[in-house]
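Thanks for making the time this morning.

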Amino acid sequence: KNSRKTVVDTSWFTTGIINFDEVVEKDFNLIDSFVIYMCVMGDCEITDGYSDPVSLHTGETVLVPASLKNITLRPWGETQLLEIFVK
């Protein structure tokens, strides 16, 4: 809980699932790719600390550009996200 568990790991992309109910800090410095978040349960807020937060609700998808290297995921209760990025 509160961390990513890898579901699919191919030579092209990685998909993980994050079940969380606490704030999760993500560091993308080792990933040279955009990151896709798909909310499959619950609601959360994504922020980079500089821009306005983005709300993500069940059934919604957001693309985090490769230029962002650190984000914060703030859940509003129990939340589940798929995290996908290109290798």
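Let me begin with a definition: by a salt bridge I mean a side-chain nitrogen of Lys or Arg within 4 Å of a carboxyl oxygen of Asp or Glu. Before I use it, please keep in mind that this is a predicted model, in which local features need pLDDT of at least 70 and side-chain atom pairs count only at pLDDT 80 or more, while totals for chains, interfaces and linings use all residues. Residues are numbered from 1 along each chain as its sequence is written, and side-chain values use heavy atoms, with hydrogens and water left out.

With that cut-off, searching the whole structure gives five salt bridges. One of them is between the side chains of Arg-4 and Glu-83, at 2.8 Å from N to O. Arg-4 lies in strand β1 and Glu-83 in strand β9, so this pair ties together parts that are 79 residues apart in sequence. When I say strand, I mean a DSSP run of E with at least two residues, just as a helix would be a run of H or I with at least four, and the numbering goes from the N terminus. For accessibility, buried means under 20% relative accessible area, exposed means over 50%, and partly exposed is in between, using a 1.4 Å probe and protein chains only. On that scale Arg-4 is partly exposed at 31%, whereas Glu-83 is buried at 2%.

Glu-83 also meets the side chain of Lys-26 in a salt bridge, at 3.3 Å from N to O. Here Glu-83 in strand β9 is linked to Lys-26 in strand β3, residues 24-27, and the two are 57 residues apart. Both partners are buried, Lys-26 as well as Glu-83. There is also a network, in which salt bridges with shared partners join Lys-1, Asp-21 and Glu-78. Are the two residues of the pair Lys-87 and Asp-9 buried or exposed? Both are exposed, and their side chains meet in a salt bridge of 2.4 Å from N to O.

Now to the sheet, where I count two strands as paired if DSSP finds at least two bridges between them. There is an open sheet of five strands, ordered β1-β2-β9-β4-β7, with antiparallel pairing. β1, residues 4-9, and β7 stand at the edges with a single partner strand each, so one side of each has no neighbour in the sheet. From one strand to the next the twist averages 25 degrees, where axes are lines fitted to C-alpha atoms, for helices over the stretch in contact, and angles run from 0 to 180 degrees between N-to-C directions.

Looking at individual pairs, β2 and β9 run antiparallel and are joined by eight bridges, and Ile-18 stands opposite Leu-81 in β9. β4 and β9 pair over six bridges, with Gln-80 in β9 as the bridge partner of Met-41. β4 and β7 pair over four bridges, and Val-35 stands opposite Val-64 in β7.

In a regular strand the side chains alternate between the two faces of the sheet. In β7, Val-62 and Val-64 form the covered face, while Thr-61 and Leu-63 form the uncovered one.

That brings me to the nonpolar core, by which I mean a set of buried Ala, Val, Leu, Ile, Met, Phe, Trp, Tyr and Cys residues joined through side-chain atoms within 4.5 Å. The largest such core has 17 residues, and those with the most contacts inside it are Tyr-37, Ile-46, Leu-56, Leu-73 and Leu-81. β4 gives the most to this core, with three residues. If contact means heavy atoms within 4.5 Å, then Leu-56, leaving aside neighbours within four places in sequence, is in contact with residues including Tyr-37, Cys-39, Cys-44, Ile-46 and Leu-81.

Accordingly, the search of the whole structure finds zero disulfides. Cys-39 is buried at 3% relative accessibility, and Cys-44 is buried at 0%.

Note on methods. Disulfide = S-S within 2.5 Å.
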